[in-house]
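Please read the following report alongside the sequence and the three-dimensional model.

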Amino acid sequence: MTARQVQNITVLGATGSIGQSTLDVIRRHPDKYRVFALTAARSVDIMLRDINEFRPRYAVMADESAARHLGAADTGDTEILCGADALAMVASHAEVQQVMAAIVGAAGLLPSLAAAEAGKRVLLANKESLVMAGPLFMAAVARGGAELLPIDSEHNAIFQSLPQHYGGDFAPHGIDKILLTASGGPFRGKPRSELAEVTPAQAVAHPNWSMGAKISVDSATLMNKGLELIEACFLFHCLPHQVQVVVHPQSVIHSMVQYCDGSVIAQLGQPDMRTPIAYGMAWPQRIDAGVKHLDLFDIARLDFMPPDEDAFPCLRLARQAFAAGGTMPAVLNAANEVAVDAFLQQELSFNAIPVLIEQVMQRHSVAPTDQLDIVLAADDWARQCARRIIAEDSL
Ligand code: NAD
Ligand code: MG
């Protein structure tokens, strides 16, 4: 491979779980990939260590005091920047070919959109941006001529299991439905009555995956699967009834596509995000991801069961939000972010998370999302509404 083919990558959310896995894949292929920019909210120590290893052109801290702190350290030739404009700049820079969108939550929307508008290969981990602004995001991808590669393991598996030239319509390809797998999280099998007292520490202790705190809580409430259902509908141009959630506790099958002739195509692998990350980076080729091979004899059995929507109402709320359309998925997402934050701060019980989200959704008047400002206003409204309900202490 010649130097011209080395791909410059911006890693948004570089200090997080996905960001660090991405850097590990890049580390294994210095002949193919170079870090152009690293970004984070405020983890100065990790950022400094990674600047020293990867020597990026830019490092962006979203937080101003963190940027000052980092700027005071020896960062060699790396330029330290701060704020939203800098995030968008490194996501859309002319010298960048790929952008890993791995900021957590709604904060990821604007830089992910900037990468899409600029026609980059967008490695999308930040599912919240698609949930909030799916139609706008997909329009930006089309307008910019971007390549959207899903990194969420389920969507990556679906992408791998769909026909190569899938054009966004099930029927011509004989596709029946998508089977979206879910581990069920740490509280699988528990009735709602037993969930009232669970602690943040119990909720973030995921049985199979090691992830950031927010997505770990989302996995425990099944909101993660709700967000992923919406994500699948936007990514693959389908409707919720065409996506069946299948609880599969071993997390070996990462999702499947069922065809009209009775075939089911699945992608299997270790629960290690470096596999979908490497797939997205190298597609349509494959590269070593540093992931140990699957030993089927070791796994021995695979179990499947339907989700318990009484104990975990978030899946139903996500379906309702998608059906309501417009700004409602953005409201679902924002209310969930506030609820998860409050749960982690021990201001809200586990079972109050869906109750709070539902109350916020009930108070919202849906608007069409043809403009970004409307999405951002709905996000802001939902956060304020959720915080007001928490302050009333009526849950
Ligand atoms: P994490 O909490 O470990 O890392 C989040 C990153 O975003 C950090 O680098 C942090 O500094 C940065 N960040 C946080 N708030 C920010 C802000 N306001 N502005 C700018 N940067 C900010 O999260 P994670 O587990 O790596 O997840 C990242 C995204 O990937 C999420 O959207 C998550 O849903 C998705 N995802 C994660 C996994 C996983 O295995 N961790 C799997 C699938 C999808
Ligand atoms: Mg996932």
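## Basis of the description

This is a predicted model, in which local features need pLDDT of at least 70 and side-chain atom pairs count only at pLDDT 80 or more, while totals for chains, interfaces and linings use all residues. Residues are numbered from 1 along each chain as its sequence is written, and chains are lettered from A and ligands numbered from 1 in the order in which they are written.

## The seven-stranded sheet

An open sheet with parallel pairing is built from seven strands in the order β4-β3-β2-β1-β5-β6-β7; strands are DSSP runs of E with at least two residues, helices are runs of H or I with at least four, and both are numbered from the N terminus. Two strands count as paired if DSSP finds at least two bridges between them. Because β4 (79-82) and β7 (147-150) stand at the edges with a single partner strand each, one side of each is left without a neighbour in the sheet. From one strand to the next the twist averages 20°, with axes taken as lines fitted to C-alpha atoms, for helices over the stretch in contact, and angles running from 0 to 180 degrees between N-to-C directions.

Within this sheet, β1 (residues 7-12) and β2 (residues 33-40) run parallel and are joined by five bridges, and Thr-10 stands opposite Ala-37 in β2. Helix α11 (residues 274-282) packs on the sheet, where it touches β2, β5 (98-101), β6 (121-124) and β7, and its direction makes about 170° with that of β6; contact requires C-beta atoms, placed from the backbone, within 7 Å.

## The four-stranded sheet

A further open sheet has four strands in the order β9-β8-β10-β11, with mixed pairing. Its edges are formed by β9 (243-247) and β11 (264-268), each with a single partner strand, so one side of each is left without a neighbour in the sheet. Strand β10 (residues 253-259) runs antiparallel to β11 and is joined to it by five bridges, with Gln-258 opposite Val-264 in β11. Helix α10 (residues 223-236) lies across β8 (175-182) and β9, at about 150° to β8.

## The ligand shell

Around ligand 1 there are 26 residues, the closest being Gly-13, Gly-16, Ala-107, Met-211 and Gly-212; a residue is counted if its C-beta atom, placed from the backbone, lies within 6 Å. Helices α1 (17-27), α6 (127-144) and α9 (213-221) each supply at least two residues of this shell, and α1 gives the most, with three.

Definitions and conventions: Two residues are in contact if their C-beta atoms, placed from the backbone, lie within 7 Å.
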